[in-house]
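Let's take a friendly tour of how helices and strands can be arranged in a protein. Have the structure open beside you as you read.

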Amino acid sequence: MAGLYSSSRPIASSSSSSQAPINSRLLLLLTLLPLTLASFAFVLQWRGELTDPVARWFPDHHEFPGMVNTFTDLTIRNSRSGCFDPLGRSNSPSFPYFRDWKFDFGSDLKPKICITSSTSAGLEQTLPWIFYHKAIGVSNFFLFVEGMAASANVSKVLESIPGVKVIFRTKELEEQQAKSRIWNESWLASFFYKPCNYELFVKQSLNMEMAIVMARETGMDWIFHLDTDELIHPAGAREYSLRQLLLDIPEHIDMVVFPNYESSVERDDIKEPFSEVSMFKKNYDHLPKDVYFGNYKDATRGNPNYFLTYGNGKSGARIQDHLRPNGAHRWHNYMKNPSEIKLDEAAVLHYTYTKYSDLTSRRDRCGCKPTKEDVKRCFMLEFDRAAFIIASTATEEEMLHWYREHIVWTDKILNGKLLKKGILTRIYAPMAIIQAMRESGVFSSVIALAEVSLSKDKFLSSIESSNTTRGVKSGIVSSRKMGDNSESEATARRVLECSNDEIYASAIPPQSPPGLDDVEFDTTLQTTIM
């Protein structure tokens, strides 16, 4: 027995030693196999050859990939390169949600929303403006173009975008608008035959009147009038969608008013406002009175009013019979007083004076004398008058100093205080959407497609041609002829007295927000302000 035991021990030892490397190899194989499969799946998904299971099982899940790192990536890239391409694209698209999406909304989507605008802006402003609003649910755009927007290279791109109708300011258009019933009504009469902003205000109203007809012909449900430096911010809706916001509006409401927020730039070298500005000053309508008036002096920073420009918002109207414009900010109806509501959270973001060059560009569009008396007949708002005088009389150094003092928010302590009080707010959604579109090549691809329809030589020559040449070829006439107060025009467009003052209420011009002298407030609040 002893011999048996002694002889069996080396056999067992030999068997266990041979199994050890097999177990080690098996354990290594089981470890490497899942790691290899995971790596292979990662490579496939990174190359776009594997469907995301989240998107497969949750089709309503529409998060925008790449938004989280968009700000950081863009900032680092711009700081390294030292340049900025407002319509360019990176080598690594960070917004695949928009890849191959042509923004061609179907007819079954309700409500159908359109925007009309009168613009002279270039593609660096109009393309982000159009596609941002397409992303939140706008399907059609009626663009009345002049200046750079009417040049061949810009208008060709705009006309290539589905849902965009470009209307040039031709002699035929002005002749058609000269026959408008507006000239024989009292509600816009106080703005006739005046230069600069007044002339623009009348032109916008005439364009809005034509846009209503176009909206009806294309089956639109809602119409908005915006400038191309304004973005709708549909806050308060169940999703970030203007369509969803309007779906929730009761059917008896004819018009919705969006209070405007005003951009508060923190640098004097902004190149692309929609992608670089995130701080805005809230509207009086969205603030408690004690907060508004209690911080009024800090918020104005020595400027004439709380906002630099207008403070009475913009509006959208249901397409219906007898609809008419009531100036650039409101709509009205020939047969009734429209039922309207003012939204508690949604707003129009106004990117005003965001670039230093805005000072000189406004000056160059108006031929008024830079005197306190003459600017009153050219501009409706006090800040515009002051800015025009500075841009017309000051040196470049003085202009830059004035711009930094009155427009740029460089005091971080004051900014922090007003952010805590709720006067200032941060809004990132438009910035994120537009940056991501730019990163994925939405804008550059639109330009590339438009270029294909033109020969290379024709496209290059169109870029070199001036707006003046374009105006001659298109029959475009100077808009200043609308402000020529000749006796024949005054006779032909005689203003008629209207019996119904409520239906024919005067057009609502751009208005400043309430000031300290405009509203009565109690002793406690007055003590707080003083």
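Predicted model: local features only at pLDDT ≥ 70, side-chain atom pairs only at ≥ 80, totals over all residues.

Helix α4 (residues 123–135) and helix α17 (residues 442–452) have axes that come within 10 Å and cross at roughly 110°. Because angles of 65 to 115 degrees count as roughly perpendicular, α4 is roughly perpendicular to α17. The crossing of these two helices is right-handed.

Which residues of α4 and α17 make the contact? From α4 come Leu-123, Leu-127, Pro-128 and Phe-131, while α17 brings Val-442, Phe-443, Val-446 and Ile-447. Sorted by class, the contact between α4 and α17 has 8 nonpolar residues, with no polar and no charged ones.

## An open sheet

Now look for the strands. Seven of them form an open sheet with mixed pairing, in the order β3-β2-β1-β4-β9-β6-β12. At the edges sit β3 (164–168) and β12 (340–342), each of which pairs on one side only. From one strand to the next, the twist averages 20°.

Strand β4 (residues 222–225) pairs with strand β9 (residues 314–318) in the antiparallel sense, over 3 bridges. The bridge partner of Ile-223 in β9 is Ala-317.

## Helices across the strands

Helix α5 (residues 152–159) lies across β2 and β3, running at about 145° to β3.

Definitions and conventions: Residues numbered from 1 in each chain as written. Heavy atoms only, no water. Axes fitted to C-alpha atoms, helices over the stretch in contact; angles between N-to-C directions. Helix = DSSP H or I, 4+ residues; strand = E, 2+ residues; numbered from the N terminus. Parallel < 35°, antiparallel > 145°, perpendicular 65-115°, else oblique. Left-handed = near helix turned anticlockwise from the far one by under 90°. Contact = heavy atoms within 4.5 Å. Nonpolar A, V, L, I, M, F, W, Y, C, P; charged D, E, K, R; others polar. Pairing = 2+ DSSP bridges.
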